[in-house]
Amino acid sequence: MRPKSAWLPTLFFGIIAANIVSLSLMEFFEAATWLLSIVYPAVFAIAVWQFRSAGVPFPMLSRRTHGYVAAVVAVLALPRIAYFLEPVLGYSTDAACWDDWWLVQEFSSIIYSPHFPPESTLAHGFYFSFYFAPWILGAALFQLLHLGTVKQAIFLTGLIYNFAFVYAAVYAAKLAFPQEPRRSKLLLGVVLLYGGFDIFFGLFKLLHGAALGDLHAEWWAYFLGFKVQYASTMTLMLWVPHHLAGALATLLGYHCLKESPSWRGTVVAGICFGFAGFSSVFATLGAIPVIGYLFLRNRVPLKWGVLAGVLAILLGLPIFWMYLGRKSEGFILFGALTGGWESHKVLAFGGFLLVVIAEFFPLLLASVLALRERTFDRGLFLVVLGFLLSNYFVAFAGFNNFAMRGAIVPAFALYYLAIPGLERILDWKQRKASWLRYCLLAFFLGGLWEYVDFTAFAMQSTGKVSKLREEILVSNLTHGQPPSAELLAKANRTQYGWYALENRKSVDKPGLNPGDIELLNRDNQYRLTFKRLFGTAK
């Protein structure tokens, strides 16, 4: 263990702090967007100094480990490499996945708004209002590096976060089993590769004629009438890095407060928790029972935890308005049930249990086998089971993010708990039930399955060259210049052409859909700014 904080976690914290503090300051003062190029580096430098001063210990890493991490990150970057090469290719590429169409508009909203809060690129008179704290990094990179397109900022942002994610998995594995390198490596493999039941449903789709690139299987429980999704780490890294960043920020905050129960550790933890809340509300909600249990079990002084929470709330005061005044159904009792299950709740509970068992079967089996181990954390196991069972009773409107993203930290906890049992199951020296071991390995191919399918879709979309896409790139490279009415009309005649235009438009997007509306919010009475506060005091 290093006596002082290692540089890699320090840099990750610097990014976390620069994101949330810059966002909060810029919103509070309604600052001009160009000031981000000054505020972001300044906050980053102060945060790095603060983290180093906290002296949180982290394991030593070998040169070979750094090489492995770089190789994994290079593989993760491949599907979106065309984003970075757009000016060389000479045309605007399609999105690597359909979520990225909205991501382009989210980045564009931050980058091209004249001042904070960022104005929506979808409809005039609205603000971009979603958990976009992680994207402040991309906006800063766009300004500081004088990038050509918004997609280049998206690529570099994803590249940096993927380094953070893979290194976080490496550090977590070493911290979890510091004296047991075999278990440490097994945990790292589980975190990166475990894919649950997805591969079986993906194969089902493949046998029924689905093409490579259309085998994304995370939604398989929907076909059985249950609105629950449990994403693999690979899916999170490729599709929704902001949710994963929020989840990891909660774990980093807990680790720092546990190892450095002081005012410096409290500042670090408070910033991490504040960032998490504006990266993924649901990942934060799912982390609370796990983090809360760990606080109690390890007897972290309550006062430091409370102060960290207070700091997180203070950081969020200028930006809480984004979550308030919105039209949403919110949490719904038995909201995960569809397809007629609503009328048969007792029977539906049995079906829900089968879904959870199918998704986590190797991990649950391994955890049960490890119950007899003296070091097995039964309390944490009950917390994880409690969260998974709660997904039957409570859901959030729409795609039920309470299950889909709230399960990130509980799933990581289950990965950890399952390792001693998995070590026994995967002991190749044992001949007993060897067929079971081979069957269980399929669950660990889901991450690779998702990567191959995602990459296939991304590569297929890259090669679509047309005169319109060449014109869109020319428009995107003229920073701050609205696209012409002629180009807008052409783009509107294609499915995603409107989203490909990065500069602010002179007209509203025609026919806003639910995905668009989710990103919008009007100004409201909850928005706290310097001007409003000064006016009230006056």
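The structure holds 3 cavities of 30 Å³ or more, where a cavity is a set of points on a 1 Å grid over the protein atoms alone at which a 1.4 Å probe fits but cannot get out, and lining residues have an atom within 4 Å of a point. This is a predicted model, in which local features need pLDDT of at least 70 and side-chain atom pairs count only at pLDDT 80 or more, while totals for chains, interfaces and linings use all residues. Residues are numbered from 1 along each chain as its sequence is written, and side-chain values use heavy atoms, with hydrogens and water left out.

About 80 Å³ of space lies in the largest cavity, a volume being the space filled by probe spheres set on the grid points, which are joined across faces, edges and corners. Of the 14 residues that line this largest cavity, Tyr-230, Ala-231, Ser-232, Ala-411 and Tyr-415 are the closest to its centre. Helix 16 (345-369) and helix 19 (408-425) each supply at least two residues of the lining, and the largest share, 3 residues, comes from helix 19; helices (H or I, at least four residues) and strands (E, at least two) are DSSP runs, numbered from the N terminus. By residue type the lining of the largest cavity divides into 10 nonpolar, 3 polar and 1 charged, with Ala, Val, Leu, Ile, Met, Phe, Trp, Tyr, Cys and Pro counted as nonpolar, Asp, Glu, Lys and Arg as charged, and the others, Gly among them, as polar.

The second largest cavity has a volume of about 50 Å³, and its lining divides into 3 nonpolar, 3 polar and 3 charged residues. Among the residues that line the second largest cavity are Thr-121, Leu-122 and Lys-505, and these residues are also touched by Gln-105, contact meaning heavy atoms within 4.5 Å.

Gln-105 lies in helix 6 and, at 2% relative accessibility, counts as buried, a term that means under 20% relative accessible area, with exposed over 50% and partly exposed in between (1.4 Å probe, protein chains only). The side chains of Gln-105 and Thr-121 are joined by a polar contact of 2.6 Å, that is, a pair of N or O atoms within 3.5 Å of which, within protein, one must be able to donate a hydrogen and the other to accept it, residues adjacent in sequence counting only if both atoms are side-chain atoms. The side chain of Gln-105 also reaches the backbone oxygen of Leu-501 at 3.0 Å. Val-104, likewise in helix 6, is buried with a relative accessible area of 1%.

Helix 6 (99-112) is one of the elements against which the buried residues of helix 22 pack. In helix 22 (residues 467-477), Leu-468, Arg-469, Ile-472, Leu-473, Ser-475 and Asn-476 are buried. Seen down the helix axis, these buried residues fall within an arc of 160°, so they line one face of helix 22, the arc being that of the directions from the axis to the C-beta atoms. The face turned away from this buried side carries the exposed residues Lys-467 and Val-474.

Some backbone features remain to be pointed out. The peptide bond from Phe-116 to Pro-117 is cis, with omega near 0°, and Pro-117 lies in the loop between helix 6 and strand 1 (127-128). Arg-299, although not a glycine, has a positive phi of about 50°, and at 74% relative accessibility Arg-299 counts as exposed.

Definitions and conventions:
On a 1 Å grid over the protein atoms alone, a cavity is a set of points where a 1.4 Å probe fits but cannot get out, and a pocket is an open set with protein on both sides within 12 Å along at least five of seven lines; lining residues have an atom within 4 Å of a point. Lists of a residue's contacts leave out its neighbours within four places in sequence.
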